[in-house]
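Please keep the sequence and the structure in view while working through the numbered points.

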Amino acid sequence: MDYRVYAGDVKELMIDNIEYPVPEGATCKIRYTVGTSMRKENEITVCTAKTSVLKAKNIKAGFTGLKVILREDLESHFANIKDNGLIVPVLLTVADGATYSGNLMVSGDPEMDSEDRGMELSMEGNYFTKM
């Protein structure tokens, strides 16, 4: 497991300074950055003469797969962020009290469940830092 990936219970989610409800016990995957370094994915090519070449590529930081309840009063706020591709401030607090922050965009096309108005949300950007 990457030392910069966290999986655990989420206690609070703030999107664009508005709290979004997260069910108790909800979890997600968090890919966070350290300092001002972007996350990298390394590709190693083995060469002749006992050498290797490293090619690093920037990858997204943020969180994926978090169940969020989309109350009616949040629908237009969320739709505006998603449909306009806005980059907004996000704060995510987990069970151990750690908080992650960054400016993120909605990733993918989350669909709302008609039963409980829940949706699986992913948001990503260049940086998502553990505070």
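1. Two residues are said to be in contact when they have heavy atoms within 4.5 Å of each other. Leaving aside neighbours within four places in sequence, Arg 71 is in contact with Pro 21 and Arg 117. Arg 71 and Pro 21 are 50 residues apart in sequence, and their C-alpha atoms are 8.0 Å apart in space.

2. The model is predicted, with local features requiring pLDDT of at least 70 and side-chain atom pairs counting only at pLDDT 80 or more, whereas totals for chains, interfaces and linings use all residues. Residues are numbered from 1 along each chain as its sequence is written, and side-chain values use heavy atoms, with hydrogens and water left out.

3. Helices (H or I, at least four residues) and strands (E, at least two) are DSSP runs, numbered from the N terminus. The chain contains one helix and ten strands. Along the sequence the order is β-β-β-β-β-β-α-β-β-β-β. The C-alpha atoms fill a box of roughly 65 × 35 × 25 Å along the principal axes.

4. How much of the chain is buried? Buried means under 20% relative accessible area, exposed means over 50%, and partly exposed lies in between (1.4 Å probe, protein chains only). Of the 131 residues, 36% count as buried. Among contacts between residues at least 6 apart in sequence, 66% join residues at least 24 apart.

5. The pairing of strand 7 with strand 8 deserves attention. Two strands pair if DSSP finds at least two bridges between them. Strand 7 (residues 88–94) and strand 8 (residues 99–106) pair in the antiparallel sense over six bridges. Strand 7 is mostly covered, as five of its seven residues are buried. In a regular strand the side chains alternate between the two faces of the sheet.

6. Arg 71 may now be placed in its surroundings. Arg 71 lies in the loop between strand 6 (61–69) and helix 1 (75–83). Arg 71 counts as partly exposed because its relative accessibility is 36%. Its contact Arg 117 is located in the loop between strand 8 and strand 9 (118–125). With 23% relative accessibility, Arg 117 is also partly exposed.

7. Ala 49 sits in the loop between strand 4 (39–47) and strand 5 (51–59). Its relative accessible area is 69%, and therefore Ala 49 is exposed.

8. How many disulfides are there? A disulfide is a pair of cysteine sulfur atoms within 2.5 Å, and by this rule the count is zero. Cys 28 is buried, at 4% relative accessibility, while Cys 47 is partly exposed, at 31%.
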